Amino acid sequence: MKKIISAILSAIILVSGFMIMPLSVSAASLYTYYFDEDSGGVYIEAYNGTKTKLTIPSKIDGKTVTGITSLKNSKDKANTKLTSVTIPSGVNFIQGECFNDMSALREIKVAKDNKTFKAENGVLYFDALYENKRVVRVPEALSGKITLSSALTYNDSAFLNCTKVTEYGYSGDDEAIHVMDGVIYGNYNGNEYSKAGKLLGTYDYNSKNIILETWKVIAFPGAKSGAYTFPKSYDRHGDGHIHYISIDVLNRAFITNTRNITSFVIKRDFPIDSVNLVKTVDGVIFSKYNSLVAYPGAKKTATYTISSDTFMVERYAFYKCANLITLNFPKSIKGDLPEFADCPKLKTIKFPETISDNFGTDNDVAPGWYVNLPLLTSITLPKGSSFYTLNSSIINCPLLKTIKIPKSTITDDYQKELLKGLQNDLPKINISTY
């Protein structure tokens with residue numbers, strides 16, 4: 001009898017042992033990952049589960065999780081149902097765009113003994129020893145007023161699509177950081193001028209000469225709406241001596257958070273106009289060199305015609321334009337074609353006749369991106385544009401039926417083969433040359 005019981009117990013232990021293994025394998029199967037030789041641990045590159053609150057395991061297959069490059073699923077689709085993510089203690093690398101497009105994410109947590117990252121009020125920071133503390137990510141669904149302890153950023157995705165933030169605050173001690181009307185600005189440059197307009201050199205904070213500071217937008221609250229007027233000057237020391245402000249060219253995070261802005265306004269107090277880096281024309285932001293930088297997302301105009309003296313259009317200028325139906329380019333323009341994304345009413349893009357790169361050549365100018373444009377029906381690329389990347393840069397454009405490519409782009413057998421490849425990759429679209 002004892003032998004029988006012993007055998008039964010042994011069988012139970014053996015079965016139990018085998019029962020544990022599938023649980024471990026099952027947990028590992030929720031992730032796509034690889035072994036990183038430099039860290040000696042596992043890097044996660046996809047999460048395929050269905051949880052809304054995810055605690056990333058500290059180990060997978062017995063190896064420490066040391067990096068996260070992405071939390072999209074294996075089909076490269078964003079996990080839009082995740083509301084909370086907890087980072088384990090061993091992670092010392094996170095890819096900059098890891099949390100992009102997680103529209104439900106409200107908080108990021110970090111294990112207390114993690115030596116590289118930390119979380120404060122749902123915001124993820126890089127905070128390694130002997131390194132400057134930096135914002136890695138404000139979750140897209142985090143709402144209300146967000147006070148940051150650092151305004152340095154880990155990457156340009158730190159504030160991307162934070163459309164529920166009503167205002168930002170700052171609790172750090174960096175004198176170059178300014179908060180005005182809930183927007184965080186960074187002052188990274190400045191010069192002194194004489195009253196006659198002569199440049200005197202890099203400025204002294206305490207100088208009584210004319211001071212011009214160059215500011216860049218660090219964090220813009222995505223819930224801000226209506227017309228937005230950029231600050232033009234401020235009294236730095238509270239003694240009546242005004243410091244003038246020049247706003248620098250703006251980045252992607254700023255543009256993605258201006259979907260509710262109807263118009264941008266830049267007013268000038270500074271007496272020397274040539275040093276101003278950006279300007280506004282009819283509510284649209286241009287650089288001093290006439291590059292179109294940002295079109296306000298809620299501008300009420302249905303048809304917009306880019307002026308003929310425009311040098312180029314920046315990549316994210318037409319991002320999330322709610323009311324834009326028709327966009328007309330001038331006859332000629334320089335630089336790559338921009339990214340048209342999340343414009344629900346955009347039906348027609350009249351492209352320029354010709355395009356060249358910034359050096360005046362017509363070689364391999366990018367054909368642009370077309371993302372989430374439900375009403376766009378056709379694309380006619382300008383002369384000078386390449387077409388090679390169109391198979392990967394057209395995403396969710398269900399009514400797009402026609403693409404026309406200039407014959408001048410196809411000059412040899414290799415490019416003919418590329419065209420055939422594009423036609424095979426996009427079989428539902430009639431792709432022809434003109």
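Predicted model: local features only at pLDDT ≥ 70, side-chain atom pairs only at ≥ 80, totals over all residues.
C321 is in no disulfide, and the cysteine sulfur nearest to it, which belongs to C343, lies 4.3 Å away. In general, a disulfide is a covalent bond that links the sulfur atoms of two cysteines.

**Burial of two cysteines**

- C321 has a relative accessible area of 0% and is therefore buried, since the word buried applies under 20%.
- C397, with a relative accessibility of 10%, counts as buried too.

**An open sheet of three strands**

- Three strands form an open sheet in the order β25-β27-β30, and their pairing is parallel.
- The edges of this sheet are formed by β25, covering residues 303-305, and β30, covering residues 348-350, each of which pairs on one side only.
- On average, and with direction ignored, neighbouring strands of the sheet are turned by 5° against each other.
- Strand β27, made of residues 326-328, runs parallel to β30 and is joined to it by three bridges; T326, for instance, has T348 in β30 as its bridge partner.

**The whole protein chain**

- The secondary structure of the protein chain consists of four helices and 36 strands.
- The protein chain has 434 residues, of which 47% count as buried.
- Among contacts in the protein chain with a separation of 6 or more, 49% are between residues 24 or more positions apart.
- The accessible surface of the protein chain is about 21,600 Å², and carbon and sulfur atoms account for 51% of this surface.

Definitions and conventions
Residues numbered from 1 in each chain as written. Heavy atoms only, no water. Disulfide = S-S within 2.5 Å. Buried < 20%, exposed > 50% of the residue type's maximum accessible area, 1.4 Å probe, protein only. Pairing = 2+ DSSP bridges. Helix = DSSP H or I, 4+ residues; strand = E, 2+ residues; numbered from the N terminus. Axes fitted to C-alpha atoms, helices over the stretch in contact; angles between N-to-C directions. Contact = heavy atoms within 4.5 Å. Areas by Shrake-Rupley, 256 points an atom, 1.4 Å probe, with all protein chains shown as cover.
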